Structures are given as structure tokens and as C-alpha cells.
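The following paragraphs guide the reader through selected features of one structure. Please keep the sequence and the model in view while reading.

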Amino acid sequence: MATEGMERSGLVAEGENFTLDGKPVQLLSGAIHYFRVPREYWRDRMLKLKACGLNTLETYVCWNLHEPEKGKFDFTGMLDIAAYLQEAANLGLWVIFRPGPYICAEWDYGGLPSWLLRDPKMQVRTTYQPYMDAVERFFDALLPIVKPFQYKEGGPIIAVQVENEYGSYARDDKYLSAVKQVIQKSGVEELLLTSDGGQIERQEKGCIPGVLMTANFNFSPKKQLGALKKMQPNRPLMVMEFWSGWFDHWGRDHHKLHVEKFEQLLGDILRFPSSVNFYMFHGGTNFGFMNGANYINGYKPDVTSYDYDAPLSEAGDPTPKYYKTRELLKTLAMKGAVANELPEVPPATEKSSYGPFPVEKYITFEDALKVLGEPIKSETVMSMEMLPINNDNGQSYGYILYRHKLSETPATESVTLKCDVRDRAQIFVNGNESGMLNWRVGEIALSGLKENDILDILVENQGRVNFAQTMDGVKKFVLESVTGVMRGDALLDQRKGLVGEVLLNTTPLKTWEIFPLELKPEFQTSLVESSDWQELTDAAEVPFPSFHLVNFTIPEEPKDTFLDMKKGWGKGVAILNGFNLGRYWHIGPQETLYVPAPFLKQGDNQLLLFEQHIPHKEVVFTDTPRLGKEKEVSCVPL
């Protein structure tokens, strides 16, 4: 860091090396997202980053959590970005700040707020004026908070990224310059940069004249950096995202980039030489409903864990990859970039097992609906985003139930129910499950329907797409939905629930009751206080879906632990002491949910489970995470 009182000239990207206050520097950075890590652990993760030999912290900004409703902002708790930046400054770390507005990041809708989709003409990531107005309003709230933390004003921020990987989208050649202008209008004076996949085509489509280009990749560092050097021969090289591992999708294996391959790739980057940002250095967790999804030859939702096989595990523990990084930086980094004597590595957080604890009570889904109050009544179904709730911002996350009462008995014994589901639906007739639908399978045969039967369609929003790509690598694609309606660009096609008409054979069903099940804290409180809970005597007899309550005591100071949902449970959501830990699903790969010690209490605790399929009699917490069967990352995944 610059000496106090010295005039700061900031980070300059001219010539072979970056310079800071006129002195050559190599940026050795690690990505840690404040919104994926309990606030109580921010300092611990940063200390471990610094002890590894890194000098810079990188973070995205999640617009959708900071502005959950239009014009309503939240910068508190885990979202206190000023406190996060101050902690980095206290520890002597520089910061690369990536405010989006789009961040990808395997985060719901790439960080974009779902209320944007209430506009039927919305064109995100373009100069479409209503979108740019929303971007400007958010930056007008965010950047004044951030401005005092710029390096030139005595703070840690040395560089700010404009948007993110726009070369993979590239629908509006005026858009990046418009975002740049909004950022600078808010008083940002530090070095600006862009980041894109290493391919030349993506770099060309994602660049801004005069703005530093950086590259994102894992494999073939020499080739990728060589191409970047040809594009800007008189500027220093920066790998903005060296993918230290990879993320996971439900129903597939847990990705691993083994340490031997990691060592080779990192060694090639440092020898080239280039500055580097580890994406991720510490992945953390997609708490709640905030996981994203990919559309790469099909919809693939991400798991709750964002362990990423990073140098620090999901629980913040140093891994073999961490110690290999420390070793390589000591030997291969630019002279002076790494201290001769690194700080001692902080220990891993203590872990403990708890339980088993019995499920005491359950409440049926029908009784739980009473807590929601009167349903929304509509002639036709509507997506989550279009519901007239949350101050006309619609529903962002969770589940939604569509209920229809048949006005007449169908003419035939067997009929076909057809609807466009986003993303997964359970079909019930008079409370009995009749089958499943999803984004790919949009019709089901139903038999024996009669007048006054109740048809329920319970839809889960499994996460909005944050990145989409077809076989030819082009994101501007069109696909046909199960109802025959043509869909367009995947980032514009992220309205959730039921989209379009629901057909019984060829007849549209009219007159619906709609129940938004967001699982917000106020709903949790009212649900727990309901008088309709029943004592659990036999889990096998409990109807599903249903809510389950576990009260348990931890007599000593709590330690980090992992909720093991592989043992007897099916699919659902776990809420601990009012905090949504995230989704679980027996298909894996993830089998345990990370429970940080700060989320537990010494004394009485309460676990609320929403189980969609297979209720169980007890829960158990283990001291060891299980992320599933491993699969080596053996090629560039995108």
C-alpha cells in the first residue's frame, strides 16, 4: 500500500507491467464474494487469502439482493459492502471491484433483479432505456457508498470492471460504453477494465476502446495469454478469472480440477508472466434460492454449494490447492510481489457433529396454505414476476401453486394436461400426486377427471439462467417450448412458474387461484405459530409436500457443521433459525448443506424443512461435507 500522506496516482496499465504509484506491481488476487460468506467470517477468509501470498481481493456485486424491490435498497448485514471493503483496507489488501450490473457468477439471473421482467418488452444488457434507467438508479445508490474506498481517495479499490463477459452476449454495440459512462458519472476514477473468455472473437465483442482487456479461462494459458498480448501488445496481462475448479449441477458429478493440473496451469500463467485473479479463491455458498443455472444444450440448475474446488473450501478451510498456490507464488511471482515472510496460515474452523434430532411435528401443505391468506385470483395463469405482490414487484424466488377447479367432466376418460413449466412441477388431483413436469417435459396424461376435481400445479423456480450457450457457442438462439411457443434469447426467457396457457387436451383452462410460496421470514413465523401442526408418529404416513419442525439444543458454543440430508430425505429447502440454508435433493451430487457456526445458537435452535417428496423421522449434522462423486475437469467447460 502507498505510504500515508503520499499522493496516490493509482493503478496504471501501460507497458509490460502494471504500476501503482509509479512502481511495478503484479496483481495476485483472489475472488471472495461477500454475499456468499457469513459476515462473521469475512475477516477469516481475507486473512487466509493474505497468508497465501495474495495482495488483492476481488468481488462481484449482487444487484438482485441489494435492490430486491424497485427503488428499495439493502446494504446491511451480509450485504454491507462498505464494511467488507473496510475490512480489506484494514488488512492491507487491494480490491478489484466488479459491480456488474450483470455478473454471471452462477448466481440467480446473473445478479439481475427479477422485477425487470415485469416489463414485457425488457431487453437486459442493452441500451433499452428502461433497463439503463434501472442500472443508473442502482449505481446511483451503490457507487456513492463505494467511492470513498477508491485508491486515489485513500481506499483499497484499484480497479473497477465494466459489466462482465459481454463478448459472449454482444447484442448491442453501444451498451458497454453506456455502462462505462454511468460508472464514471458516479465518480469512479480508478482503472477500468473488461473481462471475457480468452477467445479472440469474444474479446473483440466485449471490449471498449481505451479500456484494459483481461481474460477468463482455465486451460491453455500460453495460447490464451498469447492471443491477448497480440490484441493489446503494449499493455500488461491479467487473467481476471483463472478458474481454480468448477461449479456443479444437480444430478451430475462434483467437479474437481486436481492439484497436479492446477499447479501446471498456474505455473504457466505466472511464468508467462501475467497477473492473476483466482476465480474462485473461496467460493462459499448459494444460500437460500440464489443459485443460478446454465442453459447449455438444456437447462441445468446449480447446487447450493459453491465450493468450486477452490483453494479454500466452502467452509473456508485451506486445501492442498491452497498450499500449492502459496508455494508457487513464493517461487514464481514477480520479485517483491510476495513478502519474504508470509503470515502464518490461520487454522481451519472447528467442526462438530450434532444429533440425530427427531422431527417433532409436521403440517400439511394444505394447512400451510392457510398461512398465506387469500390466493390471487386470475382468469389465466401468470408467471411469478407478473404477480401483483411485493409492492408490484412480483415474486422473485421459491415456489408457486396454481389451483383450478374443473367446471365439467372431460369427454374422455384420459386427457392430456399440457403447460410450459419453469422449472419443475408436481401435479396433484384432489391432493394426490399424479406426476411431474419440467422445462423439457410439458405434458402428462390424467385419467378419471370429473367435475369439481381440484387440479394443483406446484412449480419450483430452480434458479434463473445466468449463462446460456448453444452447441455452436452462440448465445442469441431460439428454441421451441413444449407448448409450441417460440422462445428467444435465454436471458430474456427467465420468467418463472407457468408461462402461457394451461391446456386440457386442446382446451385452455380458465379461472385460477394462485398461491406464491416465497418462504420469507414473516411466512416462517406465522407458519410456526399455526395451530395446525400435528405430532409426527410415522414419517411414512405423512402426506407430501409438507413442512417439518425440528427443535434441538446445543449446550456448548456451536461449531461449523453440515446438515446431512442424504439420509432419508428427498427434495426441499432447509431453514435454520429463520435463515434459508438452501436446497437439498437426493439426486446429488451435493449431500450435505454447510451450516456456519454463526447461524447456530448456544441453547435452543429450530430447523424448518419444506419436503416435497420423502419425509423422514430425524435429521443429523455431520462434521464432514459430502459434495458427491467426483469428475475431473478435463477440458474448457464452456
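**Cysteines, a helix and a sheet**

Across the whole structure, a search finds 0 disulfides, a disulfide being a pair of cysteine sulfur atoms within 2.5 Å. The model is predicted: local features need pLDDT of at least 70, side-chain atom pairs count only at pLDDT 80 or more, and totals for chains, interfaces and linings use all residues. Residues are numbered from 1 along each chain as its sequence is written, and side-chain values use heavy atoms, with hydrogens and water left out.

For Cys104, the closest cysteine sulfur is that of Cys62, 14 Å away and too far for a bond. Cys104 is buried, with a relative accessible area of 6% (buried means under 20%, exposed over 50%, partly exposed in between, with a 1.4 Å probe and protein chains only). The sulfur of Cys207 lies 19 Å from its closest counterpart, in Cys104, again too far for a bond. Cys207 is partly exposed, at 31% relative accessibility.

Helices (H or I, at least four residues) and strands (E, at least two) are DSSP runs, numbered from the N terminus. In helix H3 (residues 81-90), the buried residues are Ile81, Tyr84, Leu85, Glu87 and Ala88. Seen down the axis of H3, they fall within an arc of 155° (taken from the directions from the helix axis to the C-beta atoms), so they line one face of the helix. Just after H3, Gly92 takes a positive phi of about 75°.

Elsewhere, 3 strands form an open sheet with mixed pairing, in the order E14-E13-E25; two strands pair if DSSP finds at least two bridges between them. Strand E14 (299-301) and strand E25 (465-469) are the edge strands, each pairing on one side only. Strand E13 (residues 293-296) runs antiparallel to E14, joined by 3 bridges. Tyr295 stands opposite Tyr299 in E14.
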